[in-house]
Structure formats: structure tokens, C-alpha cells
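Please keep the viewer open as you read.

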Amino acid sequence: MKRSLPSQSSKFNFFHKKTNQTELGLELIITEEVPCAFTTENCAIESTVDLPELRDIGRYVDVRITDDKCKYDLLKNPWLPSSNYNCPIVSKRKLKFQFSWLTRFSWLSNSKQLEGALCKVCVLFSNECTGKVGALVTDETCDISRIEQMSLCVRYIEDCSIREDFLTFIPIYDAPGKGLARTIMIEIDKLGLKKENLVGQGYDGASSMSTIFNGVQKNICDITPHALYVHCAAHSLNLAINKSYYFKSKLIERFIKHNYIISGLQNLIPSFLMELKPSSDEFKKCIDFYKSFLPTYETFESELKVWVEKWKSVPDNELSKSTIDTLGVMSKDFYPNIWCLISILATLLVSISSAERSFSTLRRLKTYLRNSCSEDRLTGLALLSVHRGIQIDIEEIINTFSKTPRKVDFIL
């Protein structure tokens, strides 16, 4: 049984930004490297008076503009149709845009490209990066039917708390690293998750998952370079201790492989600010690695200075010592870049215990006497068991069930 509940949207849509970011062709290209929509490489275009087509608000739907001056220019001087412009007639009701609406509603703008009316405030500000990022947690086991089942879970931040939630079981028929990575990415797309916001991936360290040449983590990193692979700490400790007698260097290799990124982000936490070296190459490399996630990268240096000054007068015993405590006492609006980086640090995986726990549910559901359960039913039952705390609207389930074609009418 599948559930469609409002509370589930936080789990199935945690990767989503508010809207997608696309690129425009022709003479205008908006990317994160080109903050001003009206500036060319040689800064030859400083005004849009001679380029009215660039003022068409419809060109900026699903596009992120990082330059505030450009936004202000579009808000104050958007493209306006001339008096002799023939507005298209839309819908069967033969509705037509009225010029009087532009003076009556200050937020309204007409688009020649999209042939319709748009709210210019919504278009320009709805694509701001919200810092909503997540990490994948997966593990595999065989069920009672000898089918290899992969448990797919996610780790993300919600309301200043860390969440790790089970999403689905995936039957595995293509065991090599490339096949497993393809299966995971297909399932991510099927669930409606945005792989662009994937900042971490955690596995148990099996060769098909962790190898740097053709493992799952390598194939996923080729698609989403920011998906930092973290070997499960529990498995790492077990392997390191087992081999520590012969290979003492394994302890260092297992635990500081991504040290420069994690330690760089950790130094943003107030209790670690004394160790922060903004001019160091390692810290700059860490910030550049997550540059595309920062809402206003251009202002990061000045924001960091204000952040450091903020905590200088606070006693040591009152400084936040964890990512969650820091997120709870800081302003997302005043420190958008630092909030995003600390959220990423909190999202990075420590272990894959959430995937391991889902196997206990799998063994309870798929037993010897119920070994022919379909994958959809298995996942539905697992979701009901794992997320048993979610309140279910019985009326909604009955209404959904009654709409399913049946040979016998569904009558209450």
C-alpha cells in the first residue's frame, strides 16, 4: 500500500531546490560564473536600453540570477509591450491580456517569449538556492527468496535536525559497480530527487562500491562531482583494527581520506574558529569544492569576517560545539553561505546504520511463508513499518483505493 501524505514530501523531495536552474542560449547565458545577466566577457554591455529582448521577464523562468543589480534593473524596467502590440488570445474562452493590468498591478509583467503574464517578483526570486542538500545511504543483503535487495536511505537536514529516512528496496540484477550506480541513479530519478544536490554517499566498503576506478562511488562522482564518498565509520574501524597489527597506516588512511574537506568545514563551527585559517590553500580548496552550492559566493569573504567577529566576545563555554547547535543559533538570512556549508557538513555521512536497520524490517516482512511478495508491495509494507509514526488519513486511502479499476464495485 502506498501512502500520499504531506509529511512524506520532506523525505521524497529533500534534494529539491525551489526550481531548476537552466541555461539560456543565444547572446545571453546565465551561469554561476556569470553573475550579471547583462554583462559580457569584456563588459561591453552596461545597459539594456538597446537590448529590450533581454528585459523580457519570460527569459528568466527557472534561471538563477546572482547579481542583485540585474534583478533590480529587471524589477524596475522590465520589457513592456507597445501600444500596437497584438497580445495572443489563449484558452477556449478567448482570453486576452489587458494593458490596464500593468498599471493596476505593479508586480505584473508581460512576456513576449512565453506569450503570457507573469509575476516578476516570483520569477526573479523563486530560484534562490535554499541549501537543501542530502546524502545517499545504501547497503545490500539477500532476502529469503535469494534476491539481492539494496536498501536506499537518505540523510538530510530538516528544522535544524538531522534526518535519516528509508525510501525503498531495490532488487539488484546488475552487480558490478557501473551497473549498481546506474540502478541507483535511475531510482533517484524515479523518486523525483535532484541528483545535483547530492553532497555525500556512504557504503560499507565492498570493492564493487568503494573502488576508485570502477566502483559505485566513482561512477556517481562522475555524474555528481560533489557527492563526497565516506566509508562507513563502523566498517572502517572494524577493518582497521583487524589489520592494525600488520598495517598500522590503515588507521590513518581510513579516517583522513577526506580530511581537508571535513576539517575545513568543521572550522566554521564556533568552538573551532580558533583553528580557522581563511588564507590557507586547504580551506580555499574546500570552499571552491562547494562553490556551486553557495547562494552568494561573491560575498563569502566579508560574510566570514563578520561570522568570526560575532563569536570573539562569546565565552568559550557558550560556544556551539556541533553542527546542529550552530544551525540552531545562527541566522540563515544573515549568513547564507556559512549556513549552507555547515548544513553540508551535518549532511555528510558517518555510518550506514539506517540502511542496516531496514534489513531487520525486510526479514520480518519477507518470510518463508510470504516469499513471493512483489517489490512494490514489499516497499510499501516497509515504509508503513519504518515510518509508523506518520499519521495516516484513512479516508484518503479509501478514496485512492476506490479509484482503482476493479471487477466488483467498491461500496461502503
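## The sheet and its helices

In this predicted model, five strands build an open sheet of mixed pairing, in the order E7-E6-E5-E8-E9. Strands here are DSSP runs of E with at least two residues, helices are runs of H or I with at least four, and both are numbered from the N terminus. Two strands pair if DSSP finds at least two bridges between them. At the edges sit strand E7 (161-171) and strand E9 (228-231), each of which pairs on one side only. On average, neighbouring strands of this sheet are turned by 25° against each other, direction ignored.

Strand E6 (residues 148-158) pairs with E7 in the antiparallel sense, over ten bridges. Within that pairing, Ile 157 has Ile 162 of E7 as its bridge partner. Helix H14 (residues 336-347) packs on the sheet and touches strand E5 (134-142), E6, E7 and strand E8 (198-203). The direction of H14 makes about 150° with that of E6. Helix H15 (residues 353-365) lies across E5, E6 and E7, and runs at about 40° to E5. Contact means heavy atoms within 4.5 Å. Axes are lines fitted to C-alpha atoms, for helices over the stretch in contact, and angles run from 0 to 180 degrees between N-to-C directions.

## Helix pairs

| Pair | Angle | Axes |
|---|---|---|
| H15 and H16 (residues 375-386) | about 120° | 10 Å apart |
| H5 (residues 177-190) and H7 (residues 216-223) | roughly 50° | within 8 Å |
| H12 (residues 300-312) and H14 | roughly 80° | within 8 Å |

Angles under 35 degrees count as roughly parallel, over 145 as roughly antiparallel, 65 to 115 as roughly perpendicular and the rest as oblique. H15 and H16 pack at about 120°, which makes H15 oblique to H16. The residues of the contact of H15 with H16 comprise six nonpolar, two polar and one charged. Ala, Val, Leu, Ile, Met, Phe, Trp, Tyr, Cys and Pro count as nonpolar, Asp, Glu, Lys and Arg as charged, and the others, Gly among them, as polar.

H5 and H7 are likewise oblique to each other, and their crossing is right-handed. By class, the contact of H5 with H7 has seven nonpolar, two polar and one charged residues.

H12 and H14 cross at roughly 80°, so H12 is roughly perpendicular to H14. Phe 300, Glu 303, Leu 304 and Trp 307 of H12 meet Pro 336, Asn 337, Ile 338, Leu 341 and Ile 342 of H14.

## A hairpin

Strand E3 (residues 108-111) and strand E4 (residues 116-119) form an antiparallel pair over four bridges. Four residues lie between them in a hairpin, and Glu 115 in the turn has a positive phi of about 55°.

## Confidence and conventions

The mean pLDDT (the predictor's confidence in each residue, from 0 to 100) is 75 for the protein, and 75% of its residues reach 70 or more. Over residues 1-50, pLDDT stays under 50. Where pLDDT is low, the predicted coordinates should not be read in detail.

Residues are numbered from 1 along each chain as its sequence is written, and side-chain values use heavy atoms, with hydrogens and water left out. Local features need pLDDT of at least 70 and side-chain atom pairs count only at pLDDT 80 or more, whereas totals for chains, interfaces and linings use all residues.

Methods
A crossing is left-handed if the near helix is turned anticlockwise from the far one by less than a right angle, and right-handed if clockwise.
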